[in-house]
Amino acid sequence: MSIFISDESKRTNVPALLREAGYRQEVHRGTGQISYVRSVSGGDFPRFHIYIDKADKGWQVNLHLDQKKPTYEGTSAHAGEYDGKVVGEEAGRLRRVWKIV
């Protein structure tokens, strides 16, 4: 699920917005790619997982739910959910925390 944060919102420090919403930064050991995660139940999994990308006139926040750790080392397969009720509720929570429509 995607959330767009417009530059016009003046809320452009996306890492700070993610920390404000309870997410922590994670750096992939193999690629160095930065993403953000928030535990659903207090453990490592399930967890909400966010990647951010600079977009035209704003930022694209890409949210999904990782149900479990990748099964095979070196792969990214992880039983992720990219939409549905739980992901939609988290997207709504983020919009409320960030005060964006």
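E2 and E3 form a hairpin, with 6 residues between the two strands. Glycine 32 sits in the turn and has a positive phi of about 80°. This is a predicted model.

E2 covers residues 24–27 and E3 covers residues 34–39. They run antiparallel and are joined by 4 bridges. Across this pairing, glutamine 25 stands opposite tyrosine 36 in E3.

E3 also pairs with E4, a strand of residues 47–55. The pairing is again antiparallel, over 4 bridges. Here arginine 38 of E3 faces phenylalanine 48 in E4. In a regular strand, side chains alternate between the two faces of the sheet.

Now step back to the chain. Its secondary structure comprises 2 helices and 6 strands. Along the sequence they follow the pattern β-α-β-β-β-β-β-α. The radius of gyration is 14 Å, close to the 13 Å that the globule rule gives for 101 residues, so the chain is as compact as a globular protein of that length. Along its principal axes, the C-alpha trace spans about 40 × 30 × 20 Å.

What share of the contacts with a separation of 6 or more comes from residues 24 or more positions apart? They account for 43%. Buried residues make up 28% of the 101 residues, taking buried as under 20% relative accessible area.

Last, the surface and the charges. The accessible surface comes to about 6,400 Å², and carbon and sulfur atoms hold 51% of it. The chain carries 16 positive and 13 negative charges.

Note on methods. Residues numbered from 1 in each chain as written. Predicted model: local features only at pLDDT ≥ 70, side-chain atom pairs only at ≥ 80, totals over all residues. Heavy atoms only, no water. Rg over C-alpha atoms; globule rule 2.2 N^0.38 Å. Buried < 20%, exposed > 50% of the residue type's maximum accessible area, 1.4 Å probe, protein only. Contact = heavy atoms within 4.5 Å. Areas by Shrake-Rupley, 256 points an atom, 1.4 Å probe, with all protein chains shown as cover. Lys, Arg positive; Asp, Glu negative; His and termini not counted. Charge placed at Lys NZ, Arg CZ, Asp CG, Glu CD. Pairing = 2+ DSSP bridges.
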